[in-house]
Number of protein chains: 2
Amino acid sequence: MQSHHIVSAYDEELKFLTRKIAAMGGHAERMVDQSIAALVSSDIALAQKVIGDDAVLDEGQREIDDKAILIIAKRQPVAGDLREIIGAIRISADLERVGDLGKNVAKRVVAVAEGRHPVSLFRGLQALAELALTQLKEVLDVYASRSVERITFMRDRDDQIDAMYTSLFRELLTYMMEDPRNITPCTHLLFCAKNIERIGDHATNIAEAIYYIVTGEQMPADRPKEDKSHRVIAKAAGE
Amino acid sequence: MQSHHIVSAYDEELKFLTRKIAAMGGHAERMVDQSIAALVSSDIALAQKVIGDDAVLDEGQREIDDKAILIIAKRQPVAGDLREIIGAIRISADLERVGDLGKNVAKRVVAVAEGRHPVSLFRGLQALAELALTQLKEVLDVYASRSVERITFMRDRDDQIDAMYTSLFRELLTYMMEDPRNITPCTHLLFCAKNIERIGDHATNIAEAIYYIVTGEQMPADRPKEDKSHRVIAKAAGE
């Protein structure tokens, strides 16, 4: 009876980590979604809200770290349980970074709102954000279900995100060359796009952590993923 | 005798982590240093070398992770030793990211080399890199010596890095507005600058991990650090 009780308490501790990760994931998704909404509609108040919301993820990560270390010290877990706990530490670090990226987008809302830009400028960014958020949502679903066989899909989607980012990078450079008044807002939008693209990388990190939790193996490293924007050389008119 | 032997082997395992972190740190510093040198001298071969070198850090992180988990499972450490091991996992993740940032700079060498730019363009970036590398070196020294009382200096230096980055951001925008032919190379340089600035953040993360290893406490969170570049609004001539 006593032993049963101890096991249940231990189970509860592990479940605490899983629940907390799910909550952090939902919070991070919302932050990113709202940061893009704030950018598109020049909504400074919403941007401020997103910036404030980041503290929740910092606190969440700290809580998971503290709890994870307590559980390891108290329960001395091995194998699957140990991987579960170390995995939670890794995933919460990635989710905290996703929140930072959403906050970074929100911080640029004021600078971008200053100019008058065609709506089409935002369209690419919205599409990119949608793709990155879908990927994040899917990887959090895999975390909940532990069905790692779905994880290889992640990488294909990450390739899509990289391709879309590179094309957006090129498009924004073109706007900048067309009119110097576009340079400041488009530069900020370039950084926003880069932030969104990074969310895809974090989703991939999370996928790798889940794969490790479930299988005890590192995910095979055939990961050719990278955005190609570093190669983009756009020529100014007459150059 | 047997017990002494076991303790020594355990000690050796912990020292393995410390040595590996030091090696990763040196490698990451060198990558960043060489990526900037490649950028300034348009040295494509050196840039390629840096890009290839990144695999060493990926492998280092994997090795530390695997070893850390093995040690936890085998030795069931508590308190200081457990913090040491979890700290090594965190620090190696930050160093792996620093290597990625160096690699990202190296990847842009080709695109930047395309244009003819004044040397002054690079001077700001070199100064920024020097500051970031000093900070990284200092924090790795603190890791080696465990003298956390020096850790508060880190944050002041991070503030310096952020201020220098913001001024460089503004300068690069101005070059872009002066001549549309500067837009492409300066955009890549902006991203390089951002990558270097991020190294400062990782050095701060490492400082926090060391503080935690040594004291068992989270470093007090009065961290007002942020770059102000998201607020920069540079006006084009005649705007």
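Trainee: How do you know that chain A and chain B are in contact, and how many residues take part?

Mentor: This is a predicted model, and in it 45 residues of chain A are in contact with 44 residues of chain B. Contact here takes heavy atoms within 4.5 Å.

Trainee: How much area do the two chains bury, and on which atoms?

Mentor: About 4100 Å² is buried between chain A and chain B, with 64% of it on carbon and sulfur atoms. The size of an interface is often given this way, as the accessible area lost when the parts come together.

Trainee: Why is the pair R90(A) and D65(B) called a salt bridge?

Mentor: Their side chains meet at 2.8 Å, N to O, and the cut-off is 4 Å between a side-chain nitrogen of Lys or Arg and a carboxyl oxygen of Asp or Glu, so the pair qualifies. The rule finds 2 salt bridges across the interface of chain A and chain B, and the count of residue pairs in polar contact is 7.

Trainee: What makes up the side of chain A that touches chain B?

Mentor: α2, α3, α4, α6 and α7 of chain A each supply at least two residues. α7(A) gives the most, with 9 residues. By class, that side has 23 nonpolar, 7 polar and 15 charged residues.

Trainee: How do you know that the span of helix α2 of chain A agrees with its number of residues?

Mentor: At 1.5 Å a residue, its 32 residues should span 46 Å, and the end C-alpha atoms are 47 Å apart, so the two agree.

Trainee: What sits at the start of α2(A), and what follows α2(A)?

Mentor: At the start, a side-chain oxygen of D43(A) reaches to within 3.2 Å of the backbone nitrogen of A45(A). After the helix comes Q76(A), with a positive phi near 45 degrees.

Conventions: Residues are numbered from 1 along each chain as its sequence is written. Chains are lettered from A and ligands numbered from 1 in the order in which they are written. This is a predicted model: local features need pLDDT of at least 70, side-chain atom pairs count only at pLDDT 80 or more; totals for chains, interfaces and linings use all residues. Side-chain values use heavy atoms; hydrogens and water are left out. Helices (H or I, at least four residues) and strands (E, at least two) are DSSP runs, numbered from the N terminus. The expected span of a helix is 1.5 Å times one less than its number of residues. A polar contact is a pair of N or O atoms within 3.5 Å; within protein, one must be able to donate a hydrogen and the other to accept it, and residues adjacent in sequence count only if both atoms are side-chain atoms. Buried area is the accessible area (1.4 Å probe) that two parts lose on being put together, summed over both. Ala, Val, Leu, Ile, Met, Phe, Trp, Tyr, Cys and Pro count as nonpolar, Asp, Glu, Lys and Arg as charged, and the others, Gly among them, as polar.
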